[in-house]
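Please consider the sequence and the three-dimensional structure shown below. The explanation after them is meant to be read alongside both.

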Amino acid sequence: MSTDRRGFLKTAGGVMVAANVLGVSPLVGSAMAATESAEKKGAGALTEHVLPPLPYPFDALEPYIDAKTMEIHHDKHHAAYVKGLNTAEAALAKARAENDFAMIEYWSKKAAFNGGGHFLHSMFWKVMAPKGQGGGEPKGKLAELIERDFGSFAAFKAHFSAAAKNVEGAGWALLHYRPEDGRLIVLQAENQHKLSPWGTTPILGIDVWEHAYYLKYQNNRGEYVDQWWNVVNWKQVAENLKALGGI
Ligand code: MN
């Protein structure tokens with residue numbers, strides 16, 4: 001190994017320490033530069049993940065979810081997951097290019113956490129809709145499948161609500177489609193990515209991190225969950241299921 005090579009690795013190590021101390025945002029510029037160099041060295045192609053626009057105005061889900069919560073949640077929290085995912089994937093590519101896996105556990109965890117956050121929030125915005133379009137009950141084939149797999153819509157709603165209200169700490173309640181047997185199941189997720197049995201994909205979810213409801217509901221997560229049903233976009237949930245071949 002040449003002196004130049006050692007010097008470069010030392011600098012790269014410094015960047016990773018900065019990521020630990022300061023959070024992901026300040027690292028993005030350096031990580032993107034590192035990406036280009038990693039690609040040149042044959043570490044593989046990278047996806048540039050992008051924050052999707054909110055499909056309605058910040059105040060569209062009032063009075064159930066307030067505009068300020070939506071603005072911070074989308075523009076700050078979701079944006080941070082997108083940045084964090086890009087940063088983690090760039091760092092992993094750099095590790096491959098340099099054959100230096102000293103930080104593999106750290107960046108692997110960051111990739112899962114931020115990747116889960118990006119995926120779930122991208123779904124979350126779409127499975128909610130303003131007054132007049134959201135709420136009520138599903139129709140057609142989705143309604144039939146919910147009745148088949150949970151007994152009734154009321155039983156599904158009780159199951160899903162209990163899952164949401166009882167997530168330990170920050171997380172989600174999720175309705176998943178499982179292609180193996182073509183059925184719907186309800187699961188909890190801790191943080192953005194834990195408790196998955198694999199082989200299933202969420203088609204509906206509620207974010208029960210405090211950042212999703214605290215400005216309006218404070219510590220009353222149960223009330224937030226109960227009110228959230230008023231904004232569920234069942235048409236989109238059916239589309240999500242269709243896209244997976246479930247309908
Ligand atoms: Mn969130």
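The model is a predicted one. Its chain contains nine helices and three strands, and along the sequence these elements follow the pattern α-α-α-α-α-α-β-β-β-α-α-α. Of the 247 residues in the chain, 45% are buried. The accessible surface of the chain comes to about 12400 Å², and carbon and sulfur atoms account for 54% of that area. When contacts between residues at least 6 apart in sequence are considered, 71% of them join residues at least 24 apart.

The strands form an open sheet of three, in the order 2-1-3 and with antiparallel pairing. Strand 2 (183–190) and strand 3 (201–207) are the edge strands, each of them pairing on one side only. On average, neighbouring strands of this sheet are turned by 25° against each other, direction ignored. Helix 9, which spans residues 234–243, packs on the sheet and touches strand 1, strand 2 and strand 3. The direction of helix 9 makes about 150° with that of strand 3.

Strand 1 covers residues 171–178 and is joined to strand 2 by eight bridges, the two strands running antiparallel. Tyr177 stands opposite Leu184 in strand 2, and Arg178 stands opposite Arg183 in strand 2. The two strands form a hairpin with four residues between them. In the turn of this hairpin, Gly182 has a positive phi of about 65°. Strand 1 also pairs with strand 3 in the antiparallel sense, here over six bridges, and Ala173 stands opposite Ile206 in strand 3. How far is strand 1 enclosed by the rest of the structure? Seven of its eight residues are buried, so strand 1 is largely enclosed.

The next element to consider is helix 4. This helix, residues 104–126, has 23 residues and reaches 33 Å from its first C-alpha to its last, close to the 33 Å expected at 1.5 Å a residue. Its buried residues include Trp107, Ala111 and Asn114, and also among them are Gly117, His118, His121 and Trp125. An α-helix has 3.6 residues a turn, so residues three or four places apart point the same way.

Which residues coordinate the manganese ion? The ion is coordinated by NE2 of His73, NE2 of His121, OD of Asp207 and NE2 of His211, at 1.9 to 2.2 Å. In sequence, these donor residues are spaced H-x47-H-x85-D-x3-H. Within this site, His121 in helix 4 and Asp207 in strand 3 link distant parts of the chain, being 86 residues apart. Both His121 and Asp207 are buried.

The loop between helix 2 (28–40) and helix 3 (67–98) is the place of Pro53. Is this proline buried or exposed? Pro53 has 69% relative accessibility and therefore counts as exposed, the cut-off for that class being over 50%. Between Pro53 and Asp75 there are 9.2 Å in space, C-alpha to C-alpha, and the two are 22 residues apart in sequence. Pro63 also lies in the loop between helix 2 and helix 3. A cis peptide bond, with omega at about 5°, joins Glu62 and Pro63.

Most residues other than glycine have a negative phi, and most peptide bonds are trans. Trp198, found in the loop between strand 2 and strand 3, has a positive phi near 70°. Its relative accessible area is 71%, so Trp198 is exposed. Gln218 lies in the loop between helix 7 (214–217) and helix 8 (221–228). The phi of Gln218 is near 50°, a positive value in a residue other than glycine. With 39% relative accessibility, Gln218 counts as partly exposed.

Note on methods: Residues numbered from 1 in each chain as written. Predicted model: local features only at pLDDT ≥ 70, side-chain atom pairs only at ≥ 80, totals over all residues. Heavy atoms only, no water. Expected span 1.5 Å × (residues − 1). Buried < 20%, exposed > 50% of the residue type's maximum accessible area, 1.4 Å probe, protein only. Pairing = 2+ DSSP bridges. Axes fitted to C-alpha atoms, helices over the stretch in contact; angles between N-to-C directions. Contact = heavy atoms within 4.5 Å. Donors = N, O, S within 2.8 Å, 3.2 Å for Na, K, Ca; no water. Areas by Shrake-Rupley, 256 points an atom, 1.4 Å probe, with all protein chains shown as cover.
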